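Subject: Structure for you to look at

Hello,

The structure we talked about is shown below. My notes on what was found in it come after that.

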Amino acid sequence: MSIIFKDVHKAFGSKKVLRGIDLEVKTGEVLFIIGTSGVGKSVTIKHIIGLLKPDAGEILLDGEPIHNLKERDYFPVRKRCGMVFQSSTLFDSLTVVENVILPLRKHKKLKGTKAEKEAMALLEKVGMTHYAHRYPAALGDGMRKRVAIARTLTMDPEYILFDEPTTGLDPVSARRVDKLIRTMSDQTGATSIVVSHDLESIFSIADRIAMVYQGIIHMVGTPDEFRHSDNAVVQQFINGCSEGEMETPGF
Ligand SMILES: Nc1ncnc2c1ncn2[C@@H]1O[C@H](COP(=O)(O)OP(=O)(O)OP(=O)(O)O)[C@@H](O)[C@H]1O
Ligand SMILES: [Mg+2]
């Protein structure tokens, strides 16, 4: 099982964002996609669930091309690849547990207490049972993120795509979310793709890191390989230096 990007290109108007992305995501790993703001990280992962289509190149899910499906054929792909979006997408008019029950009813056809039991079990996984009957507006960002993760888990996804799961969270909530991503991946065997520029997350939970720069995967490797890389652009990014070789559009 794997997700493979082969020479994927994507432009918006005259702006070439992806210029030949080659990447293999391996089963069970926690792969981080890193890079500066606006480099194309979110654009890259949106291709997996068909929110964007490449101008050229291929994307394979377990060997099957998924880059040119019809809209309705993306439904099974989205069931297998759950996405936790950058900003919270919970329903404010529903309680936490109702937010999790909804997809269980809709997609898994679970009813009544069965749906509620499963929802509570998922909330337990993300440490949110105490808040099950609160409304999202009464929770902090980190808690809302954990509920969003529980909701994604309702579909038993094989792949979970996280777009900046810790951005905007306080350090304690951020580390809790990191821990959750890691244990979930270890316990369920789900493959996680995490878009992030949170260096602490990257170096504490990534199995591998892929760095996007100038439209391609500039480097892919383990955290240790990144730490010891003598590539100037990689070092500049992981040390957070404003001065260096890296070209930042807009500056
Ligand atoms: N639907 C779209 N239409 C036009 N341009 C887009 C669209 N989506 C993304 N872009 C552009 O593509 C570039 C890459 O965007 P993307 O959202 O992937 O950046 P990112 O690496 O995720 O950055 P950040 O870390 O700030 O989230 C940006 O210049 C953005 O403006
Ligand atoms: Mg983004």
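Pocket and helix packing

The largest pocket has a volume of about 640 Å³. A pocket is found on a 1 Å grid over the protein atoms alone, as an open set of points where a 1.4 Å probe fits, with protein on both sides within 12 Å along at least five of seven lines. Grid points are joined across faces, edges and corners, and the volume is the space filled by probe spheres set on the points. This is a predicted model: local features need pLDDT of at least 70 and side-chain atom pairs count only at pLDDT 80 or more, while totals for chains, interfaces and linings use all residues. Residues are numbered from 1 along each chain as its sequence is written, chains are lettered from A and ligands numbered from 1 in the order in which they are written, and side-chain values use heavy atoms, with hydrogens and water left out.

The pocket is lined by 23 residues, of which Met83, Phe85, His107, Arg151 and Met155 are the closest to its centre; a lining residue has an atom within 4 Å of a point. Helix H2 (74–80), strand E6 (81–84), H3 and helix H5 (141–153) each give two or more residues to this lining. Helices (H or I, at least four residues) and strands (E, at least two) are DSSP runs, numbered from the N terminus. By class, the lining has 12 nonpolar, 7 polar and 4 charged residues. Ala, Val, Leu, Ile, Met, Phe, Trp, Tyr, Cys and Pro count as nonpolar, Asp, Glu, Lys and Arg as charged, and the others, Gly among them, as polar.

H3 and H5 also pack against one another: their axes come within 8 Å and cross at roughly 25 degrees. Axes are lines fitted to C-alpha atoms, for helices over the stretch in contact, and angles run from 0 to 180 degrees between N-to-C directions. H3 and H5 are therefore roughly parallel (under 35 degrees; over 145 is roughly antiparallel, 65 to 115 roughly perpendicular and the rest oblique). Val96, Asn99, Val100 and Pro103 of H3 meet Val147, Ala150 and Arg151 of H5, where contact means heavy atoms within 4.5 Å.

How does H3 (residues 96–108) pack with helix H4 (residues 112–125)? The angle is about 125 degrees, with the axes 9 Å apart, which makes H3 oblique to H4. Their contact has 10 nonpolar, no polar and 3 charged residues.

H5 and helix H6 (residues 171–188) pack at about 15 degrees, with axes 9 Å apart, and so are roughly parallel. Gly142, Lys145, Arg146, Ile149 and Leu153 of H5 make this contact with Ser173, Arg176, Val177, Leu180 and Met184 of H6.

Regards
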